[in-house]
Amino acid sequence: MSAVDVMGAVFNLNHPAHTVDWEFIHLSVANVVVIGLMLIVFVLALVLPFPGASKRRGGAS
Amino acid sequence: MSTVAPQPPNAEPPPAASSKSWTIKVREAGVEALPPEKLLPDGQPTYVASWIYIFGVASIAALIVIITSGSILALKGPAWWHYTSIGHFFNSIHMWSVELFFFVMVVHLWGKYWMAAWRGGRGRVWVTGAITFLVAVPAALTGYVSQQNFDAQWISTQAKDGLNAVGVGAFFNVTNFGQMYSWHILLLPIAVVVLVGAHVLLVRRNGVVPPFDFEERAAALRGAAPAAGRSSASTTGGQS
């Protein structure tokens, strides 16, 4: 069984795309997932400490 | 270009070349705008030590992978990327690096928007970044219609109606593979790379935008000790 067959067994793509519909907003679920991931990464980038940041700030200022 | 006769070791240096020379003018303007320590700095301000500042360089890293994988695809051709395993691999590398490029570029855009990155005379930095995003979108979409498969045919026949409706279909014909392929592998990538280059040089010239509270603290320090010379903020900011 090829890798494509394995992936096809996990993700059944033989159907119309699932969508999220809200008023005029019409998004595929795949795009909603990507937007959600971008929001999560954005928030994590703001709150997670950067390695060595406190040491740099203490030494430079 | 004029030739210079060889001089003995202890001779006086030749007189300065005429300032009318365009090469001198360009060189002096370039060095004035971007002195070497600004063009290739060996340090960054302390506030850059944050994850939110990595998404610009992450976008450039993804762009390098896009250009490299796209160059290999262009060299090998459609039969290779459709019918060989290694061709499928590079096709996937190209597609997923584009996904990553837009992912990190959007997070970069959000970060810079919420820190108002156009502050401090950085308007051109913001504008070149915004135009890069707008040019990158058709650069990616022309790739979808350049695949040489039924997917490309479906997308192009869906897109043509929209483009005809806005009146550009006559000279931007998405069902014309040759035209779309030229836009995708030559014209739009050149525009994106030139814009990214200008964007990075402007960042080098103006420095990385500081966070809001950093500016407020620096202003407070300047107000508290006006005779103390340069504040810590201006010192660290000067490294960029």
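Predicted model: local features only at pLDDT ≥ 70, side-chain atom pairs only at ≥ 80, totals over all residues.
**The hairpin of chain A**

One of the residues involved is A:T19, whose bridge partner in β2(A) is A:S28. Two residues lie between the strands of this hairpin, and A:E23 takes a positive phi near 55 degrees there.

**The helices and domains of chain B**

Chain B has 10 helices and zero strands, and its elements, read along the sequence, follow the pattern α-α-α-α-α-α-α-α-α-α. Of the 240 residues in chain B, 22% are buried. When contacts in chain B between residues at least 6 apart in sequence are considered, 71% of them join residues at least 24 apart.

The domain assignment divides chain B into domain 1, covering 46-115, and domain 2, covering 119-207, and the centres of these two domains, taken over C-alpha atoms, are separated by 15 Å. Their contact draws 11 residues from domain 1 of chain B and eight residues from domain 2 of chain B. On the domain 1 side, at least two residues each are supplied by α3 (55-76), α4 (78-83) and α5 (85-114) of chain B, and α3(B) gives the most, with five residues.

**The contact between the chains**

Between the chains, 13 residues of chain A are in contact with 11 residues of chain B. On the chain A side, the elements that give two or more residues are α2 (29-47) and α3 (53-60) of chain A, of which α2(A) gives the most, with five residues.

**Composition of the two contact sides**

The table sets out the residue classes for the side of domain 1 of chain B that touches domain 2 of chain B and for the side of chain A that touches chain B.

| Contact side | Nonpolar | Polar | Charged |
|---|---|---|---|
| Domain 1 of chain B, touching domain 2 of chain B | eight residues | two residues | one residue |
| Chain A, touching chain B | nine residues | two residues | two residues |

How values were computed:
Residues numbered from 1 in each chain as written. Chains lettered and ligands numbered in written order. Domains from an automatic or database assignment. Contact = placed C-beta atoms within 7 Å. Helix = DSSP H or I, 4+ residues; strand = E, 2+ residues; numbered from the N terminus. Nonpolar A, V, L, I, M, F, W, Y, C, P; charged D, E, K, R; others polar. Buried ≥ 20, exposed ≤ 12 C-beta atoms within 10 Å, placed from the backbone. Pairing = 2+ DSSP bridges.
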